[in-house]
Amino acid sequence: MSSATLQSSHETSNTNSTFSSRRISQHITDIVTGSISSKNKTHSPPSPPLDTKPTELSIEIEGGHQLIIRPNRIARGCVVLNTTARVYATQIRIKFRAEEMATVKVREPGLESKIDRIDQITTTYFEVDSKIWGNETSEFSLNPWKTLEPGEHRFEFALKFPNVNYPPSMEEPSGFSIRYIWSAHLDAPSFHPGIRSKCLIVPYRPILCAPVSEEWTYSDIIYKDRKTPSARVHVTFPQQVYCPDEIVNFVLEVDCIPSDLMATNVIFTLQKHHEGKLLLQKGTAHKTYVRLILHSSVPIANNKGRIHVPIQFQIPTRLVSPSFASRHLRVYYHLVLTLQFENFGSLLKSTHTAELMVPIGIANLPHDHLLRIPELTSVQSYESSREAPLFFDPSLDEPPAQASIPNELWGSLTAALVTPPNTSPPNYFSIPSLPPQLMRRERVERTVFTSRLVKSGFASELGEPIVLTNVDDDEW
């Protein structure tokens, strides 16, 4: 065999070997990357994309943002559970609570100028909850759990508010609030971490009627520079307390004391005063906020120092709530009259102004509604009543009627029913537990106080640090 033939055969062998190794390498790459041809692989349908949306728990209230809770009213709604995977839970609960919070940033003498202290006290007036799905809670064993399949699940609930006046919802001044809060809770198996909904805050308004209309007059003497008397002022009202959307008519009488003085303009302003206080160990922290509700003016002309002017305005419904006082908050109203005077007897005319603050009361029902609303005259105050809101079967129109037993007898009756007798009676006479219609839960107030040191400028929403007064003001 010639050398040329041997060389050609050797090159062909090298070419085949290189091609074969490339095919093996390509085959291995196809296996790793998953790109094997359809001839050597059976196709399977593509897997659906995974939905990573978390399980959500939310609350829907009938009436939505228009709902206002009042005494002796029923609120209905549902808890909505949206889940993309199976959920294991022992029960789902709905909770409703009322809390008043007072938070102040204080600076005491002796502390470093760069350090403030935030004191906060939270009073929970009531906290009630109800199981709307799952197993009943046992005092002596762990609760079993159930399975909820993926999808949307809705659980209805109903609550009746007692015929009790609590403080109205409030968010002012900053750091002070009164809130009525719904929350939903999913309890996981055997005390594992569960799921909680966002808090849903709803407004609450007590029912307060205006007293019988009675004419009254506010009289005062106003001064210039706090020394020189300017005028005698009389403001006559047909009643003392008004309601939102009601017309206020009053008569303003001004009798100027200097003979060369006359009133030229009257500006009237309806102001809503919010006062918050927190009693601490070394004094009382006070905070105020004034909201302007209404502002208008009445020009006065051609008078010789004596005027008699009828004035009329309508109380708006927005931003107006009843006058009240709670543990840490107080709301009251002033009608501020600003009088402008002009000295017309001298060559050099001069003007000055003076203010007059007239108290005015705000209710939310006129007096003639007293007999129109059922059980209005039996409304109690939260300070004297221990009755709590009651969850009941949402399929019912009203909760089951309870026996009309006075409040002072419920404690002794409950104790008598749940206390076993000295000698055990036959089983058919025994009462193992209270009947459902007699299970009346009293509310229990709870107060939590916290205090912490912070750097100066922290929590700017609380405003500037408050200097404590030495007055231990435990009552309004």
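Guide: Gladly. Let us begin with a term: two strands pair if DSSP finds at least two bridges between them. Please keep in mind that this is a predicted model.

Visitor: What makes strands β4 and β5 a pair?

Guide: At least two bridges are needed, and β4 and β5 have 16 bridges, in the antiparallel sense. The two strands therefore count as paired. As one example of a bridge, K95 has D129 in β5 as its partner.

Visitor: Which other strand is joined to β4, and by how many bridges?

Guide: Strand β9, residues 176-187, is joined to β4 by 12 bridges, and the two run antiparallel. There I92 has L186 in β9 as its bridge partner.

Visitor: How do you know whether T124 is buried or exposed?

Guide: T124 has 5% relative accessibility. The cut-off for buried is under 20%, so T124 counts as buried. This residue is found in strand β5, residues 115-134. Setting aside neighbours within four places in sequence, T124 is in contact with A98, E99, V444, E445 and R446.

Visitor: What happens to the side chains along strand β15?

Guide: The side chains alternate along residues 247-256. V248, F250, L252, V254 and C256 point to one face and are buried.

Visitor: Which strands are joined to β15?

Guide: Strand β13, residues 228-237, is joined to β15 by 6 bridges and runs antiparallel to it. V235 stands opposite L252 there. Strand β18, residues 306-314, is joined to β15 by 9 bridges, also in an antiparallel arrangement. In β18, I307 is the bridge partner of V254.

Visitor: Why is the contact between R306 and D255 called a salt bridge?

Guide: The cut-off is a side-chain nitrogen of Lys or Arg within 4 Å of a carboxyl oxygen of Asp or Glu. For R306 and D255 the closest N and O atoms are 3.3 Å apart, so the pair meets the definition. R306 lies in strand β18 and D255 in strand β15, so the pair ties together parts that are 51 residues apart in sequence.

Visitor: How exposed are R306 and D255?

Guide: R306 is exposed, with a relative accessible area of 61%, where exposed means over 50%. D255 has 23% relative accessibility and counts as partly exposed.

Visitor: How many salt bridges does the structure hold?

Guide: The structure holds 17 salt bridges. One of them joins E136 and K131, with the closest N and O atoms 3.6 Å apart. E136 counts as exposed at 61% relative accessibility, whereas K131 counts as partly exposed at 28%. R154 and E152 form another, with 3.4 Å between the closest N and O atoms. R154 counts as partly exposed at 44% relative accessibility.

Visitor: What makes Y223 partly exposed, and which patch is it part of?

Guide: Y223 has a relative accessible area of 42%. Buried means under 20% and exposed over 50%, so a value in between is called partly exposed. Y223 has its place in strand β12, residues 216-224. Together with I221 and I257, Y223 forms a nonpolar patch on the surface, with about 250 Å² of accessible area together.

Visitor: Which residues touch the most other members of the largest nonpolar core?

Guide: That core has 87 residues, and F96, Y180, W182 and F341 touch the most other members. Not counting residues up to four places away in sequence, Y180 touches several residues, including F96, F126, F161 and Y166. In soluble globular proteins, nonpolar side chains tend to be buried together.

Visitor: And what about the protein chain as a whole?

Guide: The chain comes to 2 helices and 24 strands. Of its 476 residues, 38% are buried. The accessible surface comes to about 28900 Å², of which 53% belongs to carbon and sulfur atoms.

Notes:
Residues are numbered from 1 along each chain as its sequence is written. This is a predicted model: local features need pLDDT of at least 70, side-chain atom pairs count only at pLDDT 80 or more; totals for chains, interfaces and linings use all residues. Side-chain values use heavy atoms; hydrogens and water are left out. Buried means under 20% relative accessible area, exposed over 50%, partly exposed in between (1.4 Å probe, protein chains only). Helices (H or I, at least four residues) and strands (E, at least two) are DSSP runs, numbered from the N terminus. Contact means heavy atoms within 4.5 Å. Patches are made of residues with over 30% relative accessible area and no salt bridge: like charges are joined within 9 Å, nonpolar side chains (Val, Leu, Ile, Met, Phe, Trp, Tyr) within 5 Å. Accessible areas come from the Shrake-Rupley method with a 1.4 Å probe; for residues, only the protein chains shown count as cover. A nonpolar core is a set of buried Ala, Val, Leu, Ile, Met, Phe, Trp, Tyr and Cys residues joined through side-chain atoms within 4.5 Å.
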